[in-house]
Amino acid sequence: MPDKRCVLFPAFIFAVLCFGAREARACSCAPKPTTQVAYEMADVVVITRLVSVEKSVKTAPAGRVPGGGDKYVYMDKSAGMLVERVFKGNLKAGDEMTFAQGGGADCIWTFSEKEIGEEFLFYLNSGERNPAMWYGSDCGRSGGLNRAADDLLYLNKLKRVRGKSRLSGTIRLNDAAALSVEGRSVRITGAGKTHEVKTDKHGAYEIYDLPAGQYRVEFETPPGWKALAFDERSLDGLARRGEDAPKGELVTIEAKKHTALDTHFEIDNAMRGTVYDPHGRPMKEVCLALVHAQGEPPKYFYKGACTKESAAFEIKEIPAGSYLLAVNWDGEISSRHPFEKFYYPNVFERERATVITIGAGNMLDGLDVHVPVVEETVTIEGVFFYADGKPVVKETVNFKAAQTKDNRKGDAYATTDERGRFSIKILKGVEGELSGSMYAYSGEFENCPKLEALIKKASNTLAELRSSAVKIQGDSDLSDVELKYSFPRCKRVSSPRSQ
């Protein structure tokens with residue numbers, strides 16, 4: 001029988017494959033249950049502290065271990081926990097627990113050495129095969145104690161409130177280091193009354209004993225911020241989410257059951273503008289990014305956008321601060337960006353760039369960005385056919401540069417239209433080859449032996465099929481290039497897209 005500890009909440013997990021089948025390749029979780037459901041379904045509910053992570057050691061080939069030796073760490077094997085508090089189950093404070101380590105896609109929690117000393121709240125089920133080992137699930141409500149404020153409000157007074165109806169949740173402010181989630185008002189209206197509660201220092205709120213029925217929940221929105229999404233959870237485990245949610249959301253309260261409604265706010269601001277070439281003509285598909293004007297940016301920070309057909313761009317939800325607006329920020333010159341990196345409004349030197357300061361609620365419109373200098377490009381136009389003369393629709397045409405210099409990227413691509421026509425722009429003077437390509441797998445087409453033979457010849461599950469190549473000198477525009485596949489157009493069996 002599979003170990004039931006790897007499935008904490010079967011009613012809420014669509015495709016959890018148990019630890020008894022570690023070759024599992026996928027883990028798909030339904031929305032989290034409420035605290036009430038998680039508690040009732042668990043055999044053990046505890047707060048633990050991570051004290052150790054055991055790693056397997058494997059003999060390494062000679063010379064493979066930096067600094068000498070013949071051993072290297074192969075993988076995480078188990079994690080040691082110390083029980084700090086027990087809400088349910090036969091454990092007691094001070095007991096030691098050993099947790100199995102997950103494989104990344106098997107729904108089993110994976111602990112890191114960097115987490116040693118951190119606290120966790122776990123909802124666990126007793127095991128049958130291996131009582132000495134516990135399996136924490138990635139699905140459900142188990143997790144770091146710093147994200148369990150909603151749970152703890154209930155668990156800390158369980159004896160007094162168990163069996164009562166409850167509405168609870170957490171609010172979060174993204175990128176809001178200067179703002180507090182504490183003391184935010186939550187207004188609940190229904191059954192002819194209006195109730196108001198305040199969030200605690202963790203942004204959590206709760207209210208008990210609301211009569212059964214439908215209620216509207218409204219969150220106090222900080223000026224310059226917006227409610228981005230709601231997440232409602234009740235006994236059936238279904239979730240409702242929506243971008244740009246309104247200030248309030250309808251929820252249903254059931255007698256003696258819990259309903260949870262979380263939300264988070266994002267800063268509501270934007271930079272908008274248009275990019276022009278040196279002659280004042282709008283430029284589409286030009287990418288811009290914000291760079292911190294002073295200090296080191298946060299790790300993985302990125303806020304940027306690319307211009308649309310109209311040459312307009314919009315960068316939204318920007319953390320408050322002072323920025324420079326960089327255009328072609330990686331500095332690679334290509335047909336899409338035939339210019340070096342520069343800064344708003346039109347300077348190459350960072351110290352000459354205009355500093356843009358933006359805060360919550362600021363909408364900066366009309367930023368005109370002018371590219372100082374562009375390199376020459378040429379345009380290649382043509383048509384892409386199958387062997388029977390029918391057009392190749394919505395597939396890729398690639399230009400592969402023979403050689404480029406410095407920070408120039410000669411490669412380019414385009415997509416064919418409904419008539420098989422294409423238009424591709426490349427840097428002038430760059431030589432290379434132009435060809436068309438598509439991806440196909442065996443059995444995707446019916447009654448198409450020539451295509452099937454090419455797919456099987458590729459010896460891959462997914463084969464890239466290329467047309468004949470055309471040499472391009474890159475010194476002038478071309479308007480009559482023809483690309484052709486060696487096989488006819490075939491009807492797809494399983495793909496919803498037909499050609």
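Modeller: Two strands count as paired if DSSP finds at least two bridges between them. Strand E22 (residues 377-385) and E25 are joined by seven bridges and run antiparallel. Please note that this is a predicted model.

Biologist: Which residue stands opposite threonine 377?

Modeller: Threonine 377 faces leucine 427, which belongs to E25.

Biologist: And what is the strand order in the open sheet?

Modeller: The order is E25-E22-E30, an open sheet of three strands with mixed pairing. Strand E25 (421-427) and strand E30 (478-484) are the edge strands, each pairing on one side only. From one strand to the next, the twist averages 35 degrees.

Biologist: Changing topic: where is tyrosine 441?

Modeller: Tyrosine 441 lies in strand E26 (residues 432-441). E26 runs antiparallel to E28, and five bridges join them. Within that pair, tyrosine 441 stands opposite leucine 462 of E28.

Biologist: Which residues make up the covered face of strand E28, and which the uncovered one?

Modeller: In strand E28 (residues 462-466), Ala463 and Leu465 form the covered face, whereas Leu462, Glu464 and Arg466 form the uncovered one.

Biologist: What do Tyr439, Tyr441 and Leu462 form?

Modeller: They form a nonpolar patch on the surface, and their accessible area together is about 310 Å².

Biologist: Why is tyrosine 441 classed as partly exposed?

Modeller: Its relative accessible area is 32%. Partly exposed covers the range between the 20% limit for buried and the 50% limit for exposed, so tyrosine 441 belongs there.

Biologist: And alanine 305, buried or exposed?

Modeller: Alanine 305 counts as buried because its relative accessibility of 13% is under the 20% cut-off. This residue is found in strand E16 (residues 304-306).

Biologist: What is alanine 305 in contact with, leaving aside neighbours within four places in sequence?

Modeller: Alanine 305 is then in contact with Val286, Cys287, Leu288, Glu314 and Ile315. As for alanine 289, which is 16 residues apart from alanine 305 along the chain, the two C-alpha atoms are separated by 6.6 Å.

Biologist: Finally, the whole protein: how many helices and strands are there?

Modeller: The protein has four helices and 31 strands. Of its 499 residues, 45% count as buried. The protein exposes about 26,100 Å², of which carbon and sulfur atoms supply 48%.

Biologist: What share of contacts between residues at least 6 apart in sequence join residues at least 24 apart?

Modeller: That share is 69% in this protein.

Methods
Residues numbered from 1 in each chain as written. Predicted model: local features only at pLDDT ≥ 70, side-chain atom pairs only at ≥ 80, totals over all residues. Heavy atoms only, no water. Helix = DSSP H or I, 4+ residues; strand = E, 2+ residues; numbered from the N terminus. Buried < 20%, exposed > 50% of the residue type's maximum accessible area, 1.4 Å probe, protein only. Contact = heavy atoms within 4.5 Å. Patch = residues over 30% accessible without salt bridge, like charges linked within 9 Å, V, L, I, M, F, W, Y side chains within 5 Å. Areas by Shrake-Rupley, 256 points an atom, 1.4 Å probe, with all protein chains shown as cover. Salt bridge = Lys/Arg side-chain N within 4 Å of Asp/Glu carboxyl O. Axes fitted to C-alpha atoms, helices over the stretch in contact; angles between N-to-C directions.
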